[in-house]
Amino acid sequence: MANIMIRRSAEGYVFYMPKRDIEDQITSMEFDTPEKWGGEIKLKNGGIYFIEPQSAPERLPYSVRAKRIDGVE
Amino acid sequence: MAALTREETQALIEEVLEVYPEKAKKDRAKHMMVNDKALESSKKCITSNRKSLPGVMTMRGCAYAGSKGVVWGPIKDMISISHGPIGCGQYARGGRRNYYVGTTGVDTFCEINFTSDFQEKDIVFGGDKKLTKLMEEIEVLFPLNKGISVQSECPIGLIGDDIEAVSKKMAAQINKPVVPVRCEGFRGVSQSLGHHIANDSVRDWILSNRDGQAFEKTPYDVAILGDYNIGGDAWASRILLEEMGLRVVAQWSGDGTLAEMENTPNVKLNLLHCYRSMNYISRHMEEKYGIPWLEYNFFGPTKIAESLRAIASHFDDRIKEGAERVIEKYTPAMNAVIAKFKPRLQGKKVMLYVGGLRPRHVVGAYEDLGMEVVGTGYEFAHNDDYDRTMKDMGDATLIYDDVTGHELDEFVKAMKPDLIGSGIKEKYVFHKMGVPFRQLHSWDYSGPYHGYDGFAIFAKDMDLTLNNPVWKMLKAPWLKDEATAEKKAA
């Protein structure tokens with residue numbers, strides 16, 4: 001589990017993990033509705049992380065705990 | 001014209017690393033790469049922000065240097081106490097030439113060394129009492145200070161002093177912010193962690209101090225982040241922003257004050273110059289206060305024009321017109337500078353090895369002068385910096401991370417650059433080798449180099465260094481003897 005920050009750019013969500021200095025585009029997010037948001041997120045660099053599904057944050061950027069499932073570190 | 005092809009550069013890296021033992025060679029090889037613009041992420045080709053190899057000469061600093069020297073030091077109306085033995089504070093004092101306006105010792109304190117001067121008894125019995133006494137003395141002697149920060153040196157962490165408790169107590173007593181900063185030098189692998197710790201302490205102790213207080217806002221408020229006013233850099237940047245119609249609320253932290261920092265949450269846009277040392281606080285402000293941030297680059301007219309337009313794009317037409325007006329106003333002067341110096345500098349090769357931002361930021365300024373950067377590297381960058389660097393650099397240029405003394409010497413010998421830009425620790429080595437050298441940390445006691453005014457000085461300085469006749473007169477005595485001996489024999 002690690003703290004990540006999700007922000008929005010022109011191309012969509014951006015993933016940032018301060019501890020590892022990973023900043024990358026999020027290519028897909030499992031749930032992306034106001035009621036249910038999160039789940040498995042896939043990064044452009046191949047990494048896959050998991051955010052506990054929750055209601056969508058009112059404002060981005062948003063800090064959240066995420067679990068690494070697969071891919072580059 | 002590329003100095004070397006991709007294969008040649010790769011061969012050079014291998015040749016230079018040849019002298020190391022097997023394990024060290026493997027480790028160091030990960031810190032070198034040949035640039036490939038096509039790559040998206042640097043992750044697979046270069047390793048950065050790792051512990052330096054024991055036994056090699058590294059140019060890195062420590063967390064204390066990153067916090068006290070870089071981020072906290074230049075805040076002019078706060079007193080930064082170097083808490084611990086006296087050397088760290090004394091040898092780091094005033095070295096970065098962070099200019100400021102004010103009367104030193106009365107209302108500004110950057111150039112004075114405040115230290116608790118730890119002795120054996122303080123290590124044995126703890127230094128909290130001494131710290132309390134020191135702060136009380138500060139209040140009597142320098143009543144105009146706006147706050148105090150306690151910058152821990154190594155022993156504080158080792159003996160476990162509770163500087164937080166002392167700070168809290170004293171903050172209540174003197175009714176000013178007192179910030180404990182846990183930036184002991186042994187933390188992290190370089191000064192980079194010091195920047196992070198300093199950012200976090202600003203976030204925790206300073207940033208929200210004025211939340212909810214009235215502040216007269218305008219739609220054109222911005223803050224300059226990560227400009228430390230070295231040789232007046234922040235001033236040269238600030239006038240351009242003001243000329244295009246923006247209001248600069250805060251300077252972080254060159255010539256900055258505590259009040260400016262506390263007012264920063266009210267701005268519309270954070271302008272970030274040194275990404276490495278202040279991205280943390282920018283990201284925090286984006287999350288907490290919804291303030292967007294933008295990286296900009298004020299080195300060389302091409303990049304300045306790009307940056308001014310990028311900044312203006314966040315505002316209305318008035319500012320956009322303002323940006324065009326500023327660019328138009330300075331273009332003739334800049335063309336004159338380029339016309340004067342480009343013929344003298346065209347085609348010269350430059351190698352850089354600086355801290356966390358300049359290895360990529362100054363590339364544009366050199367290119368404006370027709371010079372080519374053939375090698376670059378950072379002391380303490382992270383991978384996100386290399387991601388950005390790869391786009392700014394030419395293909396097949398050499399990139400090195402945390403380069404060692406031996407490696408840099410050998411690279412210079414092999415690539416024969418016409419100019420090297422690095423710091424004081426490298427300066428005299430290359431002077432003795434007879435290679436023109438400019439310090440790019442302190443601008444070699446010149447400056448400012450930011451902004452349009454700065455570029456004129458930059459171009460002049462590069463010309464003065466590079467075309468100085470003195471380099472031709474330098475020859476090591478033993479080499480000279482050989483030459484004359486040969487002549488005599490013949």
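User: How do α6(B) and α8(B) lie relative to each other, roughly parallel or roughly antiparallel?
Analyst: In this predicted model, the axes of helix α6 (residues 128-141) and helix α8 (residues 163-174), both of chain B, come within 10 Å and cross at roughly 25°. Angles under 35 degrees count as roughly parallel, and α6(B) and α8(B) are therefore roughly parallel to each other.

User: And is that crossing left-handed or right-handed?
Analyst: The crossing of α6(B) and α8(B) is right-handed.

User: Which residues meet there?
Analyst: From α6(B) come B:Asp128, B:Leu131, B:Thr132, B:Met135 and B:Glu139, and from α8(B) they are met by B:Ile163, B:Val166, B:Met170 and B:Ile174. Sorted by class, the residues of this contact are six nonpolar, one polar and two charged.

User: What about α13(B) and α14(B), are they roughly parallel or roughly antiparallel?
Analyst: The axes of helix α13 (residues 301-312) of chain B and α14(B) come within 9 Å, with a crossing angle of roughly 170°. Angles over 145 degrees count as roughly antiparallel, so that is the description that applies to α13(B) and α14(B).

User: Which residues make that contact?
Analyst: On the α13(B) side there are B:Pro301, B:Ala305, B:Leu308, B:Arg309 and B:Ala312, while α14(B) contributes B:Ile319, B:Lys320, B:Gly322, B:Ala323, B:Val326, B:Ile327 and B:Met334. By class, the contact of α13(B) with α14(B) is made up of nine nonpolar, one polar and two charged residues.

User: Switching to the core: how many residues does the largest nonpolar core have?
Analyst: The largest nonpolar core has 125 residues, and those with the most contacts inside it are B:Ala223, B:Met244 and B:Leu308. Helix α14 (residues 317-345) of chain B supplies the largest share of this core, nine residues.

User: Where is B:Leu241, and is it buried or exposed?
Analyst: B:Leu241 is found in helix α10 (residues 233-243) of chain B. It is buried, because 24 other C-beta atoms lie within 10 Å and the cut-off for being buried is 20 or more. Not counting residues up to four places away in sequence, B:Leu241 touches B:Val222, B:Leu246 and B:Val248. The C-alpha atoms of B:Leu241 and B:Val326 are separated by 9.0 Å, although these two residues are 85 residues apart along the chain.

User: And B:Ser201, buried or exposed?
Analyst: B:Ser201 counts as buried, with 22 C-beta neighbours inside 10 Å. This residue is found in helix α9 (residues 191-205) of chain B, and B:Ser201 touches B:Val179 and B:Val181 when residues up to four places away in sequence are not counted.

User: How many residues of chain B are in contact with chain A?
Analyst: Nine residues of chain B are in contact with ten residues of chain A. On the chain B side, the elements that give two or more residues are α12 (275-289) and α17 (383-392), and α12(B) gives the most, with three residues.

User: What classes are the residues on that side of chain B?
Analyst: The side of chain B that touches chain A has no nonpolar, four polar and five charged residues.

User: Where are the cis peptide bonds?
Analyst: One cis peptide bond joins A:Leu60 and A:Pro61, with omega about -5°, and A:Pro61 is placed in the loop between β5 (48-54) and β6 (62-70) of chain A. Another joins B:Trp252 and B:Ser253, with omega about -15°, and B:Ser253 is found in strand β7 (residues 247-253) of chain B. As background, most peptide bonds are trans.

User: What is phi for B:Asn175, and is that residue buried or exposed?
Analyst: Phi of B:Asn175 is near 60°, a positive value in a residue other than glycine. B:Asn175 lies in the loop between α8 and β5 (178-181) of chain B, and this residue is exposed, with 9 other C-beta atoms within 10 Å.

How values were computed: Residues numbered from 1 in each chain as written. Chains lettered and ligands numbered in written order. Predicted model: local features only at pLDDT ≥ 70, side-chain atom pairs only at ≥ 80, totals over all residues. Core = buried A, V, L, I, M, F, W, Y, C linked by C-beta atoms within 7 Å. Buried ≥ 20, exposed ≤ 12 C-beta atoms within 10 Å, placed from the backbone. Helix = DSSP H or I, 4+ residues; strand = E, 2+ residues; numbered from the N terminus. Axes fitted to C-alpha atoms, helices over the stretch in contact; angles between N-to-C directions. Parallel < 35°, antiparallel > 145°, perpendicular 65-115°, else oblique. Left-handed = near helix turned anticlockwise from the far one by under 90°. Contact = placed C-beta atoms within 7 Å. Nonpolar A, V, L, I, M, F, W, Y, C, P; charged D, E, K, R; others polar.
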